[in-house]
Amino acid sequence: MNIDSINNGIVIDHIRAGQAMKIYDFLDLGALDCAVAIIKNAASSKMGKKDIIKIDSELNVDLNALGYIDPSITINIIKDGVRVRKYHPELPLTITNIIRCKNPRCITSTEQELPHVFRLTDREKDEYRCIYCESKAGV
Amino acid sequence: MRHIISITDLSLEEIARLMDTARDIIEHPDKYRDLCRYKKLATLFFEPSTRTRLSFEAAMHELGGQVLAVSEAASSSVAKGESVADTIRTVSCYADIIAMRHPKEGAPTVASFHASVPVINAGDGGHNHPTQTLTDLLTIMQEKGRLDHLTVGLCGDLKFGRTVHSLISAMCRYPGVRFVLVSPEELKVPSYVKIPLKQGQVPYSQTTDLRSVMPELDILYMTRVQRERFFNEDDYIRLRDSYILTPEKLENAKPDLTIMHPLPRVNEISVAVDQDPRAAYFRQVRYGKYIRMALILMLLEVQA
């Protein structure tokens, strides 16, 4: 299978197999009019199988938020056909509207306009808590 | 401009200063009688609470200020679907300081993002109630003369009881404090409340038997099992009478024990205990007014 290499853009590599569409939706890549390639179940010596996303455009978003969705990800920044930076996204200090607070007593359960914001409270345990009610993410 | 949403918004030094101010108010009330003249406190209570609202209002009146009151959600614009943010932006135009109670956890945090005057959290669901904690700390200070080196027993609903959660996070910052957590299995302290105890290596024990731990306690903090914190009526009825304090249960208690309760009481402390000089819960109500006076002065940056 051939997929053209990109000149200026981003390659999101080492995505856990099956997670690519989640990232595609999160970054709202469907709204772009540039070439976007989703490669599913590519062979990986490290991971067995992995997903890859290639975006032939510079994106003006905080890619560190991807660290919450999938900490194994590698981000490659491509300029003039050359990889100029490769990094793992760090766990962001806050994440907004990626996950929702599940506490039925939280103010976000009744005020639909409020952003769902979580703050990193324990880096070692990857623990995030709602900034309003302090409930743990995912509980 | 500052907001007080959680007791942890205040440093130990600030809490000590508030205690000093409150004690000075108790000794020299005349000095404080006119300090908030022409200032207005808005009490926004979107959940029923007579005593906390009255305490805030009495505090502001005693400082010479005025009060704008919303005492139930049904009579306010919130009933028409107005957001917390819009309500607070509006009330900020009328008042110099806001005390807010709301049934939803985190509502005062939302308020603090949009207020142009200080916001005091007067209770948000089962979450935080910092002025009750300040009241409790002042009560302990007045009754015991110190906040350190005390064995604090907390009894009743330790799962949903926000006063208990806040008191634990406040008291665990003082040296030599030990907690004895007494509750039925279903109403034990949630794990996140115990995080500061574990991190700070604060000693604590958990039991279901009040009588057996009674001789150890310097403070006994009783709480009510609240109907509104349960989704299931059967669970409420089964657990509400689990822990009732009676004169018999106090037989082996220390002679200088301090018995506290955030009130209102239903039946968890027998009325026969009221005559015991160790029962401090009605004195605690009075201290609540003084500490709220001190807090209003601090947030309005008014000096005596």
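## The contact between the chains

In this predicted model, the contact between the two chains draws eleven residues from chain B and twelve residues from chain A. On the side of chain B that touches chain A, helix 4 of chain B gives the most, contributing three residues. Sorted by class, the residues on that side of chain B comprise three nonpolar, six polar and two charged.

## Chain A: domains and sheet

The domain assignment of chain A lists domain 1, covering 9-87, and domain 2, covering 94-130. The centres of domain 1 of chain A and domain 2 of chain A, taken over C-alpha atoms, are separated by 25 Å.

Chain A holds an open sheet in which five strands follow the order 2-3-1-4-5, with antiparallel pairing. Strand 2 and strand 5 of chain A each have a single partner strand and stand at the edges, so one side of each is left without a neighbour in the sheet. On average, and with direction ignored, neighbouring strands of this sheet are turned by 20° against each other.

## Chain A: two strand pairs

The loop between strand 4 (74-79) and strand 5 (82-87) of chain A contains Asp80(A), a residue other than glycine whose phi has a positive value, near 50°.

## Chain B: the parallel sheet

Chain B contains an open sheet of five strands in the order 7-6-5-8-9, and the pairing in this sheet is parallel. Its edges are strand 7 (204-207) and strand 9 (258-260) of chain B, each with a single partner strand, so one side of each is left without a neighbour in the sheet. From one strand to the next, the twist averages 15°.

Within the order, strand 5 (residues 151-155) of chain B and strand 6 (residues 178-182) of chain B are joined over five bridges in the parallel sense, and Thr151(B) has Arg178(B) in strand 6 of chain B as its bridge partner.

## Chain B: helix 5 and its two partners

Helix 5 (residues 130-144) of chain B packs against helix 10 (residues 281-299) of chain B at an angle of about 115°, and their axes are 8 Å apart; the crossing in which helix 5 of chain B passes helix 10 of chain B is right-handed. The residues making this contact include Leu134(B) and Leu138(B) of helix 5 of chain B, and Tyr287(B), Ile291(B) and Leu295(B) of helix 10 of chain B. By class, the contact of helix 5 of chain B with helix 10 of chain B has six nonpolar, six polar and two charged residues.

Helix 1 (residues 12-27) of chain B also packs against helix 5 of chain B, at an angle of about 65° and with the axes 11 Å apart, which means that helix 1 of chain B is roughly perpendicular to helix 5 of chain B. The crossing of these two, helix 1 and helix 5 of chain B, is right-handed. Ile15(B), Leu18(B), Met19(B) and Ala22(B) of helix 1 of chain B make this contact with Leu134(B), Leu137(B), Leu138(B) and Met141(B) of helix 5 of chain B, a set that divides into eight nonpolar, no polar and no charged residues.

## Chain B: helix 3 against helix 4

The axes of helix 3 (residues 84-92) of chain B and helix 4 (residues 107-114) of chain B come within 8 Å and cross at roughly 50°, which makes helix 3 of chain B oblique to helix 4 of chain B. Helix 3 of chain B passes helix 4 of chain B in a right-handed crossing.

In this contact, Val84(B), Ala85(B), Ile88(B) and Arg89(B) from helix 3 of chain B meet Ala107(B), Val110(B), Ala111(B) and His114(B) from helix 4 of chain B. The residues where helix 3 of chain B touches helix 4 of chain B are, by class, six nonpolar, one polar and one charged.

Definitions and conventions. Residues are numbered from 1 along each chain as its sequence is written. Chains are lettered from A and ligands numbered from 1 in the order in which they are written. This is a predicted model: local features need pLDDT of at least 70, side-chain atom pairs count only at pLDDT 80 or more; totals for chains, interfaces and linings use all residues. Axes are lines fitted to C-alpha atoms, for helices over the stretch in contact, and angles run from 0 to 180 degrees between N-to-C directions. Helices (H or I, at least four residues) and strands (E, at least two) are DSSP runs, numbered from the N terminus. Angles under 35 degrees count as roughly parallel, over 145 as roughly antiparallel, 65 to 115 as roughly perpendicular and the rest as oblique. A crossing is left-handed if the near helix is turned anticlockwise from the far one by less than a right angle, and right-handed if clockwise. Two residues are in contact if their C-beta atoms, placed from the backbone, lie within 7 Å. Ala, Val, Leu, Ile, Met, Phe, Trp, Tyr, Cys and Pro count as nonpolar, Asp, Glu, Lys and Arg as charged, and the others, Gly among them, as polar. Domain bounds come from an automatic or database domain assignment. Two strands pair if DSSP finds at least two bridges between them.
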